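Here is a brief report on a strand arrangement and its aromatic contacts. The structure comes first.

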Amino acid sequence: ILQQFTRSSLGLDGSLHIEKLHLKIGINTGNVISGVVGSQKPQFALFGDTVNTASRMMSTGEVNHIHVSAETHEFLRQDDRFKWHQQQIWAKGKGYMDTYLLE
């Protein structure tokens, strides 16, 4: 079934069926803890407040935009290639946060 779906999605079965992909990206800067979890199917994982905040950036962001925290914006604000739209969001467990959307 997966092979048939892939062939159909790529138009390899004679039907061209391509849908536009919509993304929401959240980025934060800070410390994390990493490790491998699981014994049956080990997976690499990141943990910590930095990861949780990036997740909040993604979930409250707009489709097809990159949403960054104030900490990340500090690293990027001097770069003239990027234009930012400042906003304030309410993030669960964080309260109000100053954030930036890449235009």
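## Sheet and aromatic pairs

β1 pairs with strand β4 (residues 65-69) in the parallel sense, over four bridges. Strands are DSSP runs (E, at least two residues) and helices likewise (H or I, at least four), numbered from the N terminus. Two strands pair if DSSP finds at least two bridges between them. The model is predicted: local features need pLDDT of at least 70, side-chain atom pairs count only at pLDDT 80 or more, and totals for chains, interfaces and linings use all residues. Residues are numbered from 1 along each chain as its sequence is written, and side-chain values use heavy atoms, without hydrogens and water.

Glycine 26 stands opposite histidine 67 in β4. The open sheet has four strands in the order β1-β4-β6-β5, with mixed pairing. β1 (24-27) and β5 (84-91) are the edges; each has a single partner strand, so one side of each lacks a neighbour in the sheet.

Rings of Phe, Tyr and Trp (its six-membered ring) pair if their centres lie within 6.5 Å; planes under 30 degrees apart are stacked, over 60 edge-to-face, the rest tilted. The count is two aromatic pairs. Phenylalanine 82 and tryptophan 84 form a tilted pair, 6.0 Å centre to centre with 50° between the planes. In the edge-to-face pair of tryptophan 90 and tyrosine 96, the centres are 5.1 Å apart and the planes at 70°.

Buried means under 20% relative accessible area, exposed over 50%, partly exposed in between (1.4 Å probe, protein chains only).

| Residue | Relative accessibility | Class |
|---|---|---|
| Phenylalanine 82 | 27% | partly exposed |
| Tryptophan 84 | 18% | buried |
| Tryptophan 90 | 56% | exposed |
| Tyrosine 96 | 60% | exposed |
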